[in-house]
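Here's a quick briefing to read alongside the model. Have the sequence and the 3D view open as you go.

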Amino acid sequence: MDVKKIKIDKEKYVRKGIFDFMMTFNCTRFTITTQVDVTKLYKYCKVHKHFNACMIYAIGKACNSVENFHYFAYEDGSIYRYDYVHPANIFMTAENQIRFGMIDINLPLEDFIKEYERVKEEIYTSGKRVEGNNDGNYIALSCIKWFKFSSVSESSLNKYESEPEMTWDKVELKRGKATINMAITLNHALADGYDIHLFLESLNKELKNITQKR
(Lines give C-alpha, C1' and ligand atoms only; values in the text may rest on other atoms or scores of the structure.)
Protein backbone atom coordinates (compact mmCIF):
# COMPACT_ATOMS: atom_id res chain seq x y z
CA MET A 1 0.00 0.00 0.00
CA ASP A 2 1.06 3.61 -0.56
CA VAL A 3 2.22 5.05 2.78
CA LYS A 4 2.77 8.77 3.11
CA LYS A 5 5.27 10.38 5.47
CA ILE A 6 5.80 13.99 6.47
CA LYS A 7 8.97 15.49 7.92
CA ILE A 8 8.18 17.22 11.21
CA ASP A 9 9.35 20.74 11.94
CA LYS A 10 11.13 20.04 15.24
CA GLU A 11 10.71 23.62 16.42
CA LYS A 12 6.94 23.15 16.26
CA TYR A 13 6.93 19.54 17.47
CA VAL A 14 4.71 19.26 20.55
CA ARG A 15 7.21 16.91 22.24
CA LYS A 16 10.31 18.96 21.34
CA GLY A 17 11.35 19.54 24.95
CA ILE A 18 10.90 15.86 25.90
CA PHE A 19 12.53 14.71 22.66
CA ASP A 20 15.63 16.87 23.15
CA PHE A 21 15.92 15.82 26.81
CA MET A 22 15.53 12.08 26.15
CA MET A 23 18.07 12.21 23.33
CA THR A 24 20.75 13.14 25.87
CA PHE A 25 20.45 9.56 27.22
CA ASN A 26 22.22 6.55 25.73
CA CYS A 27 19.03 4.49 25.98
CA THR A 28 15.66 6.05 25.20
CA ARG A 29 13.43 2.97 25.17
CA PHE A 30 11.25 1.79 28.05
CA THR A 31 8.99 -1.22 28.57
CA ILE A 32 5.79 -1.59 30.57
CA THR A 33 4.24 -5.03 31.12
CA THR A 34 0.53 -5.16 31.84
CA GLN A 35 -2.30 -7.68 31.92
CA VAL A 36 -4.89 -7.72 29.12
CA ASP A 37 -8.30 -9.39 29.45
CA VAL A 38 -8.91 -11.53 26.35
CA THR A 39 -11.82 -13.57 27.71
CA LYS A 40 -14.30 -12.69 24.95
CA LEU A 41 -11.74 -13.18 22.18
CA TYR A 42 -10.60 -16.49 23.66
CA LYS A 43 -14.18 -17.82 23.75
CA TYR A 44 -14.82 -16.45 20.25
CA CYS A 45 -11.72 -18.16 18.87
CA LYS A 46 -12.67 -21.46 20.47
CA VAL A 47 -15.37 -21.48 17.79
CA HIS A 48 -13.84 -19.45 14.96
CA LYS A 49 -10.13 -20.24 15.56
CA HIS A 50 -7.21 -17.92 14.67
CA PHE A 51 -6.56 -16.38 18.09
CA ASN A 52 -3.10 -15.08 17.21
CA ALA A 53 -4.21 -13.62 13.87
CA CYS A 54 -7.09 -11.81 15.60
CA MET A 55 -4.68 -10.43 18.23
CA ILE A 56 -2.35 -9.07 15.55
CA TYR A 57 -5.29 -7.53 13.71
CA ALA A 58 -6.62 -5.84 16.85
CA ILE A 59 -3.17 -4.65 17.97
CA GLY A 60 -2.41 -3.22 14.53
CA LYS A 61 -5.70 -1.32 14.46
CA ALA A 62 -5.16 -0.04 18.01
CA CYS A 63 -1.61 1.11 17.29
CA ASN A 64 -2.73 3.10 14.28
CA SER A 65 -5.30 4.88 16.44
CA VAL A 66 -2.58 6.33 18.72
CA GLU A 67 -1.11 9.52 17.28
CA ASN A 68 2.35 9.22 18.84
CA PHE A 69 2.85 5.70 17.46
CA HIS A 70 3.05 7.27 13.98
CA TYR A 71 6.28 9.18 14.71
CA PHE A 72 9.75 7.82 13.93
CA ALA A 73 13.15 9.38 14.60
CA TYR A 74 16.21 9.02 12.40
CA GLU A 75 19.90 9.08 13.27
CA ASP A 76 20.33 12.51 11.69
CA GLY A 77 17.92 13.84 14.33
CA SER A 78 14.97 14.27 11.97
CA ILE A 79 11.45 13.11 12.84
CA TYR A 80 8.84 11.81 10.38
CA ARG A 81 5.16 11.07 10.77
CA TYR A 82 3.79 8.13 8.77
CA ASP A 83 0.08 7.94 8.04
CA TYR A 84 0.17 4.15 8.56
CA VAL A 85 2.30 1.81 10.67
CA HIS A 86 2.67 -1.83 9.59
CA PRO A 87 2.28 -4.68 12.06
CA ALA A 88 5.37 -6.89 11.57
CA ASN A 89 4.75 -10.16 13.36
CA ILE A 90 7.23 -12.88 14.27
CA PHE A 91 6.63 -16.24 12.55
CA MET A 92 8.55 -19.49 12.93
CA THR A 93 10.45 -21.30 10.18
CA ALA A 94 10.60 -25.09 9.84
CA GLU A 95 13.91 -24.90 11.76
CA ASN A 96 12.23 -23.00 14.63
CA GLN A 97 13.96 -19.75 13.70
CA ILE A 98 12.13 -16.42 13.77
CA ARG A 99 11.32 -14.19 10.80
CA PHE A 100 9.14 -11.07 10.42
CA GLY A 101 6.05 -11.12 8.24
CA MET A 102 3.93 -8.07 7.36
CA ILE A 103 0.20 -8.15 6.66
CA ASP A 104 -2.05 -5.21 5.81
CA ILE A 105 -4.57 -4.60 8.61
CA ASN A 106 -6.71 -2.49 6.27
CA LEU A 107 -8.05 -5.76 4.89
CA PRO A 108 -11.37 -7.09 6.15
CA LEU A 109 -10.79 -9.54 9.02
CA GLU A 110 -11.60 -12.64 6.95
CA ASP A 111 -9.12 -11.59 4.23
CA PHE A 112 -6.53 -10.68 6.86
CA ILE A 113 -6.76 -14.17 8.38
CA LYS A 114 -6.30 -15.77 4.95
CA GLU A 115 -3.25 -13.59 4.31
CA TYR A 116 -1.93 -14.39 7.79
CA GLU A 117 -2.11 -18.10 7.03
CA ARG A 118 -0.43 -17.59 3.64
CA VAL A 119 2.44 -15.56 5.12
CA LYS A 120 2.82 -18.04 7.99
CA GLU A 121 3.14 -20.93 5.53
CA GLU A 122 5.51 -19.02 3.23
CA ILE A 123 7.87 -18.17 6.09
CA TYR A 124 7.67 -21.71 7.47
CA THR A 125 8.65 -23.29 4.15
CA SER A 126 11.02 -20.66 2.71
CA GLY A 127 12.70 -19.51 5.90
CA LYS A 128 12.62 -15.94 4.58
CA ARG A 129 10.95 -12.82 5.96
CA VAL A 130 7.91 -11.40 4.13
CA GLU A 131 7.76 -7.62 3.84
CA GLY A 132 5.40 -5.15 2.28
CA ASN A 133 6.17 -1.48 1.73
CA ASN A 134 8.61 -1.20 4.64
CA ASP A 135 10.31 2.13 5.23
CA GLY A 136 11.04 1.33 8.87
CA ASN A 137 7.52 2.37 9.90
CA TYR A 138 6.50 -0.87 11.56
CA ILE A 139 5.28 -2.23 14.89
CA ALA A 140 7.27 -5.27 16.03
CA LEU A 141 4.89 -7.94 17.35
CA SER A 142 5.69 -11.27 18.96
CA CYS A 143 3.90 -13.97 20.95
CA ILE A 144 5.73 -16.21 23.42
CA LYS A 145 2.96 -18.78 23.52
CA TRP A 146 4.73 -21.56 25.43
CA PHE A 147 4.89 -20.01 28.91
CA LYS A 148 3.99 -17.01 31.07
CA PHE A 149 6.30 -14.06 31.72
CA SER A 150 6.19 -11.12 34.13
CA SER A 151 8.50 -8.81 32.18
CA VAL A 152 10.43 -8.53 28.92
CA SER A 153 13.72 -6.79 28.16
CA GLU A 154 14.06 -5.63 24.54
CA SER A 155 17.32 -5.04 22.67
CA SER A 156 17.95 -1.74 20.91
CA LEU A 157 20.20 -0.66 18.04
CA ASN A 158 20.56 2.92 19.22
CA LYS A 159 18.66 5.72 20.95
CA TYR A 160 16.83 6.61 17.72
CA GLU A 161 15.12 3.22 17.39
CA SER A 162 11.45 4.18 17.20
CA GLU A 163 9.17 1.27 16.41
CA PRO A 164 6.68 0.25 19.11
CA GLU A 165 7.11 -3.37 20.22
CA MET A 166 4.42 -5.58 21.73
CA THR A 167 5.07 -9.08 23.07
CA TRP A 168 2.39 -11.21 24.73
CA ASP A 169 2.51 -14.58 26.45
CA LYS A 170 0.50 -17.77 26.89
CA VAL A 171 -3.20 -17.33 27.69
CA GLU A 172 -3.96 -17.98 31.36
CA LEU A 173 -7.38 -19.32 32.32
CA LYS A 174 -8.52 -18.66 35.87
CA ARG A 175 -12.04 -18.63 37.29
CA GLY A 176 -13.62 -18.22 33.85
CA LYS A 177 -11.33 -15.34 32.86
CA ALA A 178 -8.68 -15.45 30.11
CA THR A 179 -5.72 -13.07 30.35
CA ILE A 180 -2.36 -12.45 28.74
CA ASN A 181 0.59 -10.40 29.89
CA MET A 182 1.69 -7.88 27.28
CA ALA A 183 5.03 -6.09 27.29
CA ILE A 184 4.90 -2.76 25.43
CA THR A 185 8.15 -1.03 24.46
CA LEU A 186 8.33 2.55 23.18
CA ASN A 187 10.89 5.25 22.52
CA HIS A 188 10.37 7.70 25.42
CA ALA A 189 11.42 10.62 23.20
CA LEU A 190 8.34 9.96 21.04
CA ALA A 191 5.75 8.50 23.42
CA ASP A 192 5.08 7.77 27.08
CA GLY A 193 2.78 5.96 29.52
CA TYR A 194 -0.26 7.98 28.51
CA ASP A 195 0.10 6.65 24.96
CA ILE A 196 0.12 3.10 26.34
CA HIS A 197 -3.12 3.97 28.15
CA LEU A 198 -4.64 5.16 24.85
CA PHE A 199 -3.41 2.02 23.09
CA LEU A 200 -4.91 -0.31 25.71
CA GLU A 201 -8.26 1.46 25.57
CA SER A 202 -8.30 1.15 21.79
CA LEU A 203 -7.16 -2.48 21.94
CA ASN A 204 -10.11 -3.37 24.18
CA LYS A 205 -12.48 -1.78 21.65
CA GLU A 206 -10.85 -3.61 18.73
CA LEU A 207 -11.02 -6.97 20.51
CA LYS A 208 -14.70 -6.34 21.21
CA ASN A 209 -15.29 -5.42 17.55
CA ILE A 210 -13.77 -8.71 16.40
CA THR A 211 -16.08 -10.80 18.58
CA GLN A 212 -19.08 -9.04 17.04
CA LYS A 213 -18.04 -9.50 13.40
CA ARG A 214 -19.49 -12.97 12.77
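A disulfide here is a pair of cysteine sulfur atoms within 2.5 Å. Going by that cut-off, the structure holds zero disulfides. Keep in mind that this is a predicted model.

**Cysteines**
- Cysteine 27 is in no disulfide, and the nearest cysteine sulfur, that of cysteine 63, is 20 Å away.
- Cysteine 27 counts as exposed, with 51% relative accessibility.
- Cysteine 45 is in no disulfide either: its nearest cysteine sulfur belongs to cysteine 54 and is 4.1 Å away.
- Cysteine 45 counts as buried, at 8% relative accessibility.

**Overall build**
- The protein chain's secondary structure comes to five helices and 10 strands.
- Its radius of gyration is 17 Å, close to the 17 Å that the globule rule gives for 214 residues, so the chain is as compact as a globular protein of that length.
- Along the principal axes, the C-alpha atoms of the protein chain fill a box of roughly 50 × 40 × 30 Å.
- Of the 214 residues in the protein chain, 47% are buried.
- Take the contacts in the protein chain with a separation of 6 or more: 71% of them are between residues 24 or more positions apart.

**Aromatic rings**
- The structure holds nine aromatic pairs.
- One of them joins tyrosine 13 and phenylalanine 19, which sit edge-to-face at 6.3 Å centre to centre, with 75 degrees between the planes. The pair counts as edge-to-face because the angle between its planes is over 60 degrees.
- Both tyrosine 13 and phenylalanine 19 are buried.
- Ring pairs also bring in Tyr71, linking it with Tyr13 and Phe19 into a cluster.
- There's a charge over a ring too: the charged end of lysine 5 sits over the ring of tyrosine 80, 4.7 Å from its centre.

**Asparagine 106**
- Look for asparagine 106 in the loop between strand S6 (98-102) and helix H4 (109-126).
- Asparagine 106 is partly exposed, at a relative accessible area of 45%.
- Asparagine 64 is 42 residues from asparagine 106 along the chain, and their C-alpha atoms are separated by 11 Å.

How values were computed: Residues numbered from 1 in each chain as written. Predicted model: local features only at pLDDT ≥ 70, side-chain atom pairs only at ≥ 80, totals over all residues. Heavy atoms only, no water. Phe/Tyr/Trp six-rings, centres within 6.5 Å; stacked < 30°, edge-to-face > 60°. Buried < 20%, exposed > 50% of the residue type's maximum accessible area, 1.4 Å probe, protein only. Lys NZ or Arg CZ within 6 Å of the ring centre and 35° of its normal. Helix = DSSP H or I, 4+ residues; strand = E, 2+ residues; numbered from the N terminus. Rg over C-alpha atoms; globule rule 2.2 N^0.38 Å. Contact = heavy atoms within 4.5 Å.
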